[in-house]
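Please read it alongside the sequence and the structure.

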Amino acid sequence: MSIDLLLGLQWGDEGKGKIVDVLTKNYDIIARFQGGPNAGHTLKFDGFSHVLHTIPSGIFHPTALNLIGNGVVIDPVIFQSEIEKLIPFKIDFPKKLFISKKAHLILPTHRLLDAASEASKGKAKIGSTLKGIGPTYMDKTGRNGIRVGDILLPDWKKRYENLKTKHLKMLEYYQGKIEFDLPVLEEVFFNAIEELKKLPFVDSENLLHNAIKDGKKVLAEGAQGSLLDIDFGTYPFVTSSTTTAAGACTGLGIAPNSIREVFGIFKAYATRVGSGPFPTELFDADGERMGKIGMEFGATTGRARRCGWIDLVALKYAIHINGVTQLMMMKGDVLSGFKTIKICTSYKTKEGSIEHLPFNIEPEHVTPMYIELPGWKEDLTKLTSEEQFPKEFNNYIAYLEKELETPIKIVSLGPDRKQTIFR
Ligand code: GDP
Ligand code: IMO
Ligand code: MG
């Protein structure tokens with residue numbers, strides 16, 4: 001067993017990119033298994049900040065191989081701009097970044113369909129990142145999609161034209177009119193396809209199988225979060241992929257019994273970007289303070305993230321579904337200065353108090369119930385060991401560990417690589 005999994009337990013943006021970057025030195029391969037450029041994973045070191053969308057967060061390590069698995073959807077245009085931003089780092093991409101031939105491509109018309117679908121929904125919109133994620137996964141499961149390996153085949157342009165024609169018909173269906181200049185979008189797209197071809201396209205399931213056989217260590221990097229999972233998230237306000245542990249099996253072609261540790265990563269509070277229920281959301285000065293100090297703005301879209309207290313009902317659900325073996329708590333530093341810290345431990349419903357996540361978590365169905373713990377005043381961002389933690393912060397950690405029945409092995413106290421404490 002030599003594959004470890006790292007995934008988000010909330011609504012995304014837990015700090016997955018930072019921790020994958022920190023852990024990469026322990027691994028030979030870092031593999032993304034789902035999602036696409038809707039993700040924004042931020043890494044900070046040496047005074048610089050980098051946001052990755054499709055490229056795995058192990059790319060800055062000198063030797064690790066980074067793999068984009070079959071479960072990922074790739075927009076060649078965004079991918080090309082990611083590569084261009086990394087030029088100053090002199091990364092040997094053809095040696096360090098491989099792409100599964102079975103990964104699906106996001107076409108310009110997928111993005112248009114995403115925009116038209118959202119525009120037609122009005123207030124009921126998902127709050128999609130508008131990167132074409134939903135329509136691309138729809139074509140995948142509808143068996144119409146175009147895969148990375150297909151672009152090497154002689155008939156691929158014909159398949160592209162067929163799919164595009166279908167998409168243009170579909171666009172006519174939507175009420176909300178969107179403006180676009182397809183020839184311009186296509187020119188950029190086909191140029192980016194040529195750039196994509198410079199990287200090795202591989203049978204990634206085979207590569208991973210052999211790597212495991214040779215004793216190599218693999219870390220699978222999740223995108224989004226468990227509550228955005230297509231099956232187990234707050235449907236329909238979710239993304240279109242399996243963000244939970246099962247997604248690593250289907251998104252990389254690995255067997256469940258090859259998985260060793262499942263690292264579940266969460267913020268010391270909670271955030272959500274886009275629409276959908278969020279029981280512990282705050283609309284007051286406390287929420288504003290979290291957003292301001294935590295700099296809670298989307299790494300992909302720049303939208304302000306909604307903020308609220310930690311929700312143990314939702315966290316326990318995510319831990320169960322994923323089989324989490326170790327927890328990592330991020331952004332504890334952001335809570336410094338709150339007089340008391342609230343923790344949601346149950347929901348009040350018409351049927352009484354419950355501690356499991358029910359089918360519907362809209363405000364008319366559940367009211368979050370809290371306990372309160374004393375807060376701490378100290379700035380945590382410069383601490384270098386657990387011994388220096390204020391006693392109230394230790395209490396908070398101990399309470400969460402007891403309730404979640406899982407050890408918290410990493411405590412992150414700032415965005416930088418160095419602001420990471422192992423326990
Ligand atoms: P990801 O999508 O899960 O990789 O997370 P994002 O990069 O979208 O969002 C996490 C944000 O929090 C980024 O801006 C990080 O630089 C920042 N961050 C990560 N860990 C910490 C931490 O422990 N404390 C603080 N203050 N910021 C953090
Ligand atoms: P990372 O990997 C936070 C949200 C969107 C929207 C919903 C559907 O950085 O944690 P989509 O574009 O997938 O159709 O949007 O999911 N969303 C994310 N929220 N972090 C992400 O990724 C997200 N990826 C998608 O805001 O509500
Ligand atoms: Mg993010």
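Helices (H or I, at least four residues) and strands (E, at least two) are DSSP runs, numbered from the N terminus. On that basis, α1 gives the most to the shell around ligand 1, with 3 residues. The model is predicted.

**Shell around ligand 1**

- Ligand 1 is surrounded by 19 residues, and the closest are K16, G40, T42, D333 and S412.
- Two elements, α1 (16-23) and β3 (41-45), each supply at least two residues of this shell.
- Sorted by class, the shell holds 7 charged, 7 polar and 5 nonpolar residues.

- The side chain of T42 places a polar atom 2.6 Å from an oxygen atom of ligand 1.
- A polar backbone atom of G17 lies 2.8 Å from an oxygen atom of the ligand.
- The backbone of E14 also has a polar atom at 3.1 Å from an oxygen atom of ligand 1.
- Ligand 1 would expose 580 Å² if taken alone, and the protein buries 93% of that area.

**The pocket that holds ligand 1**

- Which pocket does ligand 1 take up? The space taken by the ligand is the second largest pocket.
- This second largest pocket contains about 560 Å³ of space.
- Its lining is made of 28 residues, of which T42, G294, R305, K331 and P415 are the closest to the pocket centre.
- Elements giving two or more residues to that lining are α1, β3 and β4 (48-52).
- The lining of the second largest pocket comprises 11 polar, 9 charged and 8 nonpolar residues.

**Enclosed space**

- Rolling a probe the size of a water molecule over the atoms shows where empty space is left.
- How many cavities of 30 Å³ or more are there? The count comes to 1 cavity.
- The largest cavity has about 30 Å³ of space.
- Which residues line the largest cavity? They are Q10, W11, L227, A270, D311, A314 and L315.
- By class, this cavity lining has 5 nonpolar residues, 1 polar residue and 1 charged residue.

Technical notes. Residues are numbered from 1 along each chain as its sequence is written. Chains are lettered from A and ligands numbered from 1 in the order in which they are written. This is a predicted model: local features need pLDDT of at least 70, side-chain atom pairs count only at pLDDT 80 or more; totals for chains, interfaces and linings use all residues. Side-chain values use heavy atoms; hydrogens and water are left out. A residue is near a molecule or strand if one of its heavy atoms lies within 4 Å of it. A polar contact is a pair of N or O atoms within 3.5 Å; within protein, one must be able to donate a hydrogen and the other to accept it, and residues adjacent in sequence count only if both atoms are side-chain atoms. Accessible areas come from the Shrake-Rupley method with a 1.4 Å probe; for residues, only the protein chains shown count as cover. On a 1 Å grid over the protein atoms alone, a cavity is a set of points where a 1.4 Å probe fits but cannot get out, and a pocket is an open set with protein on both sides within 12 Å along at least five of seven lines; lining residues have an atom within 4 Å of a point. A molecule sits in a cavity or pocket if more than half of its atoms lie within 2 Å of its grid points. Ala, Val, Leu, Ile, Met, Phe, Trp, Tyr, Cys and Pro count as nonpolar, Asp, Glu, Lys and Arg as charged, and the others, Gly among them, as polar. Grid points are joined across faces, edges and corners, and a volume is the space filled by probe spheres set on the points.
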